[in-house]
Amino acid sequence: MTKKVLVIDDDPSLVTYLKALLEDNGYGVITAKDGEEGLEKVKGEKPDIITLDLLMPEKTGIKMFRELRRDNVLKDIPIIMVTGISNEYQGFSDFKKFIYERKIPGPEGYIEKPIKPEALLSKIDEILNK
């Protein structure tokens, strides 16, 4: 059975790229342009895994992440957070610590932009085959 990935990002070119990459590697792909649309798609499509951009208009990835983790039906869907905040950014370690040290469980994965295709595919495979 084909695994479904929900890609949530406000950058249309990145969404197109990830959709092609994931489909070329055998995944079914659903997309959403922001957290509001993403939440609707999660509820309707029940994806196997989500890639979630942190900084988006309407509903940020962090808000959506918290909502998913508090929802008894959706809380177990694995999430890979995607962000443009990199290791070079001075506050990166503090930001990652902030994400992982909350009262709710942290994401299953964390990928930085620009996304390295092999890193994303490897992380998705690792999470789905646990």
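Select residues 117-128, which form helix 5: at 1.5 Å a residue its 12 residues should span 16 Å, and the end C-alpha atoms are 17 Å apart, which agrees. The expected span is 1.5 Å times one less than the number of residues. Helices here are DSSP runs of H or I with at least four residues, strands are runs of E with at least two, and both are numbered from the N terminus.

Before moving on, a word on what you are looking at. This is a predicted model, where local features need pLDDT of at least 70 and side-chain atom pairs count only at pLDDT 80 or more, while totals for chains, interfaces and linings use all residues. Residues are numbered from 1 along each chain as its sequence is written, and side-chain values use heavy atoms, with hydrogens and water left out.

Stop 1: Colour L120, L121, I124, I127 and L128, the buried residues of helix 5. They cover an arc of only 135° around the axis, which puts them on the same side of helix 5; the arc is taken from the directions between the helix axis and the C-beta atoms. Buried means under 20% relative accessible area, exposed over 50%, and partly exposed in between, with a 1.4 Å probe and protein chains only. An α-helix has 3.6 residues a turn, so residues three or four places apart point the same way. Now show what these buried residues pack against: helix 1 (12-24), strand 3 (49-53), strand 4 (79-83) and strand 5 (109-112).

Stop 2: Display the strands, and you will find an open sheet of 5 strands in the order 2-1-3-4-5, with parallel pairing. Its edge strands are strand 2 (28-32) and strand 5, each pairing on one side only. Neighbouring strands are turned by 20° against each other on average, direction ignored. Two strands pair if DSSP finds at least two bridges between them; strand 3 and strand 4 have 4 bridges, in the parallel sense.

**Stop 3: strand 4.** Which way do the residues of strand 4 point? I79, M81 and T83 point one way, I80 and V82 point the other way, and all are buried. With 5 of its 5 residues buried, strand 4 is largely enclosed by the rest of the structure.

**Stop 4: T51.** Step across to T51 in strand 3. T51 has a relative accessible area of 2%, so it is buried. Beyond its neighbours within four places in sequence, T51 is in contact (heavy atoms within 4.5 Å) with V5, L6, V7, I8, I80, V82 and L120.

**Stop 5: helix 3 and R69.** Within helix 3 (residues 61-70), pick R69. Is R69 buried or exposed? At 7% relative accessibility, R69 counts as buried. Its side chain reaches the backbone oxygen of I77 at 3.2 Å.

**Last stop: the whole chain.** Zoom out to see 5 helices and 5 strands, following the pattern β-α-β-α-β-α-β-α-β-α along the sequence. Buried residues make up 45% of the 130 residues.

Definitions and conventions: A polar contact is a pair of N or O atoms within 3.5 Å; within protein, one must be able to donate a hydrogen and the other to accept it, and residues adjacent in sequence count only if both atoms are side-chain atoms. Axes are lines fitted to C-alpha atoms, for helices over the stretch in contact, and angles run from 0 to 180 degrees between N-to-C directions.
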